[in-house]
Amino acid sequence: MKAKPVIMEPIMKVAVEGPSEFQGSIMGSLNQRRGMIIGTSEEDAYTVVEAEVPLSEMFGYSTDLRSLTQGKAEFTMEFATYRPVPKSVSEELVSKAQKKEKK
Amino acid sequence: MQKQELIEKNPIRHLKAEDESGKSGAMGLVMARAGVGKTALLVQIALDALLNGRQVVHVSVGQTIEKTKLWYDDMFKDIAEGAKLENAGEIYDSIMRNRMIITFNESRFNRAKLEERLNDLIQQNVIKPSCMVVDGFDFAVTPRGVLEEMREMASAMGIQIWFSAVCHSDDPQTSAIGTPAPCHEVEDLFGTVVLLQPVSNSDCIDLKVIKGSAEISKCGKLLKLDPMTFMIREDCK
């Protein structure tokens, strides 16, 4: 296509609050979900991890977070922006759409 | 302008945290009175490292993540607009994946906690920094031993650390080479010491290299800070 269209996806600003001892696991869980960790802040015995994560990767996160942190961490999220999806994801979406169209 | 051209022309390239031997794990220090531009200079050092493909940890003592992030947004915007950088948005998104902000309350910051956080980041494969900037560190209440431990940590992890320190006009103590209090007794721990000084009859802030940064001395150029934007500029007088 001449216009070189790109597929955009919603990115959420996610803040996970939990005991400091679970900070490593929290960051790992966000990283696995294509999250971009912005930073961490220490508040008494608690740590807040802030990240930007695609909305499509956030389904089921509350269950995962609960099991990772013995139910001691919680998270909030709000819409942040739209960003182009990575090439691998957009190729998958395009091929799925093409298959659907053929049917 | 392309990204590579920006890296090559960025005046901050003259500042290095290494001492004369150029070994890794060195520490640099930026000193100034309050409100002169220490944070801005640290953020520019961090941005230069990020543009060079390095991973950076920004430790902010007593500031929020949001406020620290804003410094990067504003500084990059100024650099990109000033240099008419192509694909600025894409470049920003890609380099910010290599930046991590860690904030502490003043009362909760200590070396052991910082090392624990850094190890967490490395173990979880989130980031493996080669540059760290520490803003808001209180040198007036920090014993020399803590800084020696920080230097050992930097050396063991292969990280360059840049600190900012506030100097007060009511404390006249200085070291032999001119490092003001409260860092006059710990200057030997730093490879580079930079002092930001407003100059009378000038619209700029002088970036005076008190110690180290061999490159800046060799090139014979003077670096100044624009007081309006807090951006570094090269002055080839």
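Trainee: Which residue does Thr40(A) stand opposite in strand 3 of chain B?

Mentor: Thr40(A) stands opposite Ile102(B) there. This is a predicted model, where local features need pLDDT of at least 70, side-chain atom pairs count only at pLDDT 80 or more, and totals for chains, interfaces and linings use all residues. Residues are numbered from 1 along each chain as its sequence is written, while chains are lettered from A and ligands numbered from 1 in the order in which they are written.

Trainee: And in what sense do strand 2 of chain A and strand 3 of chain B pair?

Mentor: Parallel, over three bridges, with strand 3 of chain B covering residues 99-104. Two strands pair if DSSP finds at least two bridges between them. Helices (H or I, at least four residues) and strands (E, at least two) are DSSP runs, numbered from the N terminus.

Trainee: How many residues are in contact between chain A and chain B?

Mentor: 14 residues of chain A are in contact with 18 of chain B; contact means C-beta atoms, placed from the backbone, within 7 Å. On the chain A side, strand 2 gives the largest share, seven residues.

Trainee: Switching to helix 1 of chain A, which residues are buried?

Mentor: Gln23(A), Ile26(A), Met27(A), Ser29(A) and Leu30(A) are buried. Buried means 20 or more other C-beta atoms within 10 Å of the residue's own, with exposed at 12 or fewer and partly exposed in between; C-beta atoms are again placed from the backbone.

Trainee: Which strands does strand 1 of chain A pair with?

Mentor: Strand 1 pairs antiparallel with strand 4 of chain A over ten bridges, and Met12(A) has Phe79(A) as its bridge partner. Strand 1 also pairs antiparallel with strand 3 of chain A over nine bridges, where Val14(A) stands opposite Ala51(A).

Trainee: Where is confidence lowest in chain B?

Mentor: In helix 7 (residues 214-219), at a mean pLDDT of 52; pLDDT is the predictor's confidence in each residue, from 0 to 100. Where pLDDT is low, the predicted coordinates should not be read in detail.

Methods:
Contact = placed C-beta atoms within 7 Å.
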